[in-house]
Amino acid sequence: MGWLSKTFTSSVGKKLIMALTGLFLISFLIVHLSGNFLLLRNDNGAAFFQYSEFMKTNPVILVMEVVLFLGFIIHAFSGFRLALENKKARPVGYAVNRPSENSSVFSRSMVWTGSIVFIFLVIHLKSFFVDHKVASWMGVTHEETLFQAVVSAFQNPVYTWFYVAAMVLLGFHLNHGFQSAFQTLGLNHKKYTPLIKKLGLIFSIVVPLLFAYVPLYFLLIYKTTGGN
Ligand code: HEM
């Protein structure tokens, strides 16, 4: 066990943890985005209801949810520790290091963008996960369905624009995180690195845009057309 704990507490080990948990969270984003698009069906939330009931009761999903929460916590915790260690190991300070010449604005702002996405996540989970899913596990019955809760939450412009702003920062975080994860895993190659960077850029623009579309749809389109 000694080598294993040494590996994971070393700087390289922590980067490896960041990369693996980061890629796992990226895969979650794709699944979550597909589920969110059911909200846009013209069926008064029927398809979304079926999906959310399945997500609420399927034992495999419940286990995955625990893994997911651990993934978020480990990713955030290792990120903070790594950033602190990097700061300590840089005794001369930023002025001499000229960070703008050695790294991108995206890589330098990972702690900030990650922290704001984390705050977004806490608020987001309170709205939908705790107040609905956890509440129903605890036997609390709601007058409104999860779909209705989503609709009414996004009728609030402050709440919706907060989501949109958080998605911009998620995009910044993913832009560096995506390529950095592959680099940590050793995929640093003349031929493939530019391709991974391009893929990362596309992913970090398209995925947050599609996420942001759902709240904006309920704020701007659903209301005016009368929706479903
Ligand atoms: C911006 C548009 C988003 C919308 C409309 C949205 C909507 C929802 C809804 C309705 C739920 C409850 C699902 C259920 O109980 O079945 C949920 C859960 C959750 N969301 Fe989001 N979400 C969005 C973005 C995000 C983002 C960007 C992340 C991650 C950074 C995220 C992470 C989660 C997590 C971890 C859960 C709890 C796990 C689960 O219930 O599956 N969400 N979201």
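Biologist: Where is Leu-39 placed?

Modeller: In this predicted model, Leu-39 sits in the loop between H2 and H3.

Biologist: Why does Leu-39 count as buried?

Modeller: Leu-39 has 22 C-beta neighbours inside 10 Å. The cut-off for buried is 20 or more, so Leu-39 counts as buried.

Biologist: Which residues does Leu-39 touch, not counting those up to four places away in sequence?

Modeller: Leu-39 is in contact with Phe-48, Phe-147, Val-150 and Val-214. Contact here requires C-beta atoms within 7 Å. As for Phe-218, its C-alpha lies 9.6 Å from that of Leu-39, and the two are 179 residues apart in sequence.

Biologist: What makes Asn-44 stand out in its phi?

Modeller: The phi of Asn-44 is near 60 degrees, which is positive, and the residue is not glycine. Most residues other than glycine have a negative phi. Asn-44 is in the loop between H2 and H3.

Biologist: Is Asn-44 buried, exposed or partly exposed, and how do you know?

Modeller: Asn-44 has 14 C-beta neighbours inside 10 Å. Exposed requires 12 or fewer and buried requires 20 or more, so Asn-44 is partly exposed.

Biologist: What about Glu-65: buried, exposed or partly exposed?

Modeller: The count for Glu-65, a residue of helix H4, is 16 C-beta neighbours inside 10 Å. That value falls between the two cut-offs, so Glu-65 is partly exposed. Between Glu-65 and Met-55, 10 residues apart in sequence, the C-alpha distance is 9.3 Å.

Biologist: What makes a set of residues a nonpolar core?

Modeller: The members must be buried and joined through C-beta atoms within 7 Å. The largest such core has 14 residues. Those with the most contacts inside it are Tyr-163, Ala-166, Met-167, Leu-170, Leu-174 and Ala-181. H2, H10 and H11 each give two or more residues to this core, and H10 gives the most, with 8 residues.

Biologist: With which residues is Ala-181 in contact, leaving aside neighbours within four places?

Modeller: Ala-181 contacts Ala-19, Gly-22 and Leu-23. A second, separate core has 8 residues, among them Leu-39, Phe-48, Leu-146 and Phe-218.

Biologist: What share of contacts in the protein between residues at least 6 apart in sequence join residues at least 24 apart?

Modeller: The share is 81%. Of the 228 residues of the protein, 20% count as buried.

Biologist: Where is confidence lowest and where is it highest?

Modeller: Helix H5, residues 94-97, has the lowest mean pLDDT, at 54, while helix H10, residues 157-184, has the highest, at 96. Residues 224-228 have a pLDDT below 50, and beyond near neighbours in sequence this stretch has 4 contacts in the model. Where pLDDT is low, the predicted coordinates should not be read in detail. The protein as a whole averages a pLDDT of 89, and 89% of the residues score at least 70.

Terms used
Residues numbered from 1 in each chain as written. Predicted model: local features only at pLDDT ≥ 70, side-chain atom pairs only at ≥ 80, totals over all residues. pLDDT = per-residue confidence, 0-100. Helix = DSSP H or I, 4+ residues; strand = E, 2+ residues; numbered from the N terminus. Contact = placed C-beta atoms within 7 Å.
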